[in-house]
Amino acid sequence: NSNNDVLLPSMIVFDLDDCLWTPEMHELSGMPSIPVEGPLDPSDNNSELGTVGMKVPSRRRRGNNNKGFDWGGYANDDGEEVVELYPGARLVLRELATNPKYAVVKIAVASSSLEPSYSRACINGIEIVDGVTMNDMISYSQIGREGQLTSRKTSHFKLLQAQSGIPYDEMLFFDDCNWGDHVGDLQDAFG
């Protein structure tokens with residue numbers, strides 16, 4: 001190995017809600033199913049256009065609040081519910097998709113989303129580079145809190161490890177959890 005060689009993880013695992021994208025799925029009033037077009041490179045407004053977000057179909061105006069929505073959820077300044085990647089997350093995913101040095105790294109998601117079907121709709125629709133969706137990049141996916149999955153990410157990682165055969169110490173995990181320590185739980189459970 002040369003001094004320029006970098007040891008890469010065999011798999012990078014991302015949480016979804018409020019880690020890669022906003023808003024969280026439980027904040028939405030329905031399935032995000034309408035593609036939102038925009039520049040795929042957040043650092044270049046003149047970059048190729050693609051699906052940068054998924055929008056919830058509009059609801060009839062109800063209630064007396066200034067947004068016209070009464071479900072108590074998320075709406076942007078235009079009163080629309082749009083799921084979009086954070087700019088930094090988009091840049092990281094673009095780098096993973098385009099830089100050949102990451103070609104050997106598997107990508108996975110581990111999410112305890114309360115609305116797994118909404119998460120899958122976004123993964124299937126949001127493009128990272130022209131013609132490449134998040135789904136195209138993801139090798140392994142564990143989303144939700146039903147069946148073998150719980151709110152604790154240890155349940156997700158047991159399944160990811162069984163599916164991939166990749167040892168836990170070769171995985172890198174990104175999670176924003178503010179109501180517990182999923183990364184610490186994984187360290188305690190799997191070393």
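The following legends describe an overview and several close-up views of a predicted protein model.

**Figure 1. Overall composition of the predicted model.** The protein has 191 residues, of which 43% count as buried. Its secondary structure consists of 5 helices and 10 strands. Of the contacts between residues at least 6 apart in sequence, 68% join residues at least 24 apart.

**Figure 2. The aromatic pair of F14 and F174.** The protein contains 2 aromatic pairs. In the pair shown here, the ring centres of F14 and F174 lie 5.5 Å apart and the ring planes meet at 15°. Planes under 30 degrees apart count as stacked, so the pair of F14 and F174 is stacked at its angle of 15°. F14 belongs to strand 1 (residues 11–14), whereas F174 belongs to strand 10 (residues 171–174). The pair therefore ties together parts of the protein that are 160 residues apart in sequence. The two partners may also be described by their accessibility: F14 is buried, with a relative accessible area of 5%, while F174 is partly exposed at 38% relative accessibility.

**Figure 3. The aromatic pair of F157 and F173.** The rings of F157 and F173 form an edge-to-face pair, with 4.8 Å from centre to centre and 70° between the planes. F157 is located in helix 4 (residues 153–164) and F173 in strand 10. F157 has a relative accessibility of 3% and counts as buried. F173 is likewise buried, its relative accessible area being 13%.

Figure 4. Strand 10 spans residues 171–174 and includes F174, which is paired with F14 of strand 1. With a relative accessible area of 13%, F173 is buried; F174, at 38%, is partly exposed.

Figure 5. R94 is part of helix 1, which covers residues 87–98. Buried residues have a relative accessible area under 20%, so R94, at 14% relative accessibility, counts as buried. Leaving aside residues up to four places away in sequence, R94 is in contact with L40, D41, P42 and E48, as well as with I128 and V129.

Conventions: Residues are numbered from 1 along each chain as its sequence is written. This is a predicted model: local features need pLDDT of at least 70, side-chain atom pairs count only at pLDDT 80 or more; totals for chains, interfaces and linings use all residues. Side-chain values use heavy atoms; hydrogens and water are left out. Helices (H or I, at least four residues) and strands (E, at least two) are DSSP runs, numbered from the N terminus. Buried means under 20% relative accessible area, exposed over 50%, partly exposed in between (1.4 Å probe, protein chains only). Contact means heavy atoms within 4.5 Å. Rings of Phe, Tyr and Trp (its six-membered ring) pair if their centres lie within 6.5 Å; planes under 30 degrees apart count as stacked, over 60 as edge-to-face and the rest as tilted.
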